[in-house]
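This report is written for someone meeting the structure for the first time.

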Amino acid sequence: MTSSSAPVKAVLLDLGATTDLDVPSADMLAELSEELRAREVRFMLMNMIHPVRQMLEHAGAMEKIAPQDVFIGPAEAVLDYLSSQYDHDGIQELLRSGADSVRNLLQASLSTAPSERQAALAAIADQIGQGIKPKE
């Protein structure tokens, strides 16, 4: 955060690889949440499995981490953040970037796709490309 040229407004932590959490780790996440809040940075968690959430609740960390800041995945978290900022341009850029990424993946997979599917995949990639609004 301190080396970022733009001010950091949110931190999204992916707990998807966390299958077990001990009390010191839960305490650290609670402290991190408080430290970020003091810096006016939103702290969000995603991909949290039930046992990890239970440990955070048991350790009292969920009292410091807002329930509305726990998300299923990155798309939900990013869209929630952008909509909370009323950042129309940011939302448009996210949609443009996501559509562009899907189109690029489709185009890259054409050479390895079965020949009977290549035309359909190319058509989908073209349709996505036509639907991407250019930056204004």
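Leu56 touches Leu21, Ala26, Leu29, Leu45, Met48, Ala61 and Met62, leaving aside residues up to four places away in sequence, where contact means heavy atoms within 4.5 Å. This is a predicted model, in which local features need pLDDT of at least 70 and side-chain atom pairs count only at pLDDT 80 or more, while totals for chains, interfaces and linings use all residues. Residues are numbered from 1 along each chain as its sequence is written, and side-chain values use heavy atoms, with hydrogens and water left out.

**The cores**

Leu56 is also among the residues that touch the most other members of the largest nonpolar core, together with Leu45, Met48 and Ile65, and this core has 16 residues. A nonpolar core is here a set of buried Ala, Val, Leu, Ile, Met, Phe, Trp, Tyr and Cys residues joined through side-chain atoms within 4.5 Å; buried means under 20% relative accessible area, exposed over 50%, and partly exposed in between, with a 1.4 Å probe and protein chains only. The elements giving two or more residues to the core are H1, S2 and H2, and H1 gives the most, with 4 residues. Helices (H or I, at least four residues) and strands (E, at least two) are DSSP runs numbered from the N terminus. A second, separate core of 6 residues includes Met44, Met46, Tyr81 and Leu82. In soluble globular proteins, nonpolar side chains tend to be buried together.

**The sheet and its helices**

An open sheet is formed by 3 strands in the order S1-S2-S3, with parallel pairing; two strands pair if DSSP finds at least two bridges between them. Its edge strands are S1 (10–14) and S3 (70–71), each of which pairs on one side only. Between S1 and S2 (residues 42–46) the parallel pairing runs over 5 bridges, and Leu13 stands opposite Leu45 in S2.

| Helix | Strands touched | Angle with the direction of S2 |
|---|---|---|
| H1 (residues 23–38) | S1 and S2 | about 145° |
| H3 (residues 74–84) | S1, S2 and S3 | about 155° |

Strand S2 is mostly covered, as 5 of its 5 residues are buried. Arg42, Met44 and Met46 point one way from S2, whereas Phe43 and Leu45 point the other way.

**Helix H1**

The buried residues of H1 are Ala26, Leu29, Ala30, Ser33 and Leu36. Seen down the axis of H1, these residues fall within an arc of 130°, so they line one face of the helix; the arc is that of the directions from the helix axis to the C-beta atoms. What covers them includes S1, S2 and H2, while on the other side of H1, Pro24, Glu31 and Ala38 are exposed.

**Two loop residues**

Glu40, in the loop between H1 and S2, has a phi near 60°, a positive value in a residue other than glycine, and is exposed, with a relative accessible area of 73%. Asn47, in the loop between S2 and helix H2 (50–58), likewise has a positive phi, near 55°, but is partly exposed, with a relative accessible area of 28%.

Terms used:
Axes are lines fitted to C-alpha atoms, for helices over the stretch in contact, and angles run from 0 to 180 degrees between N-to-C directions.
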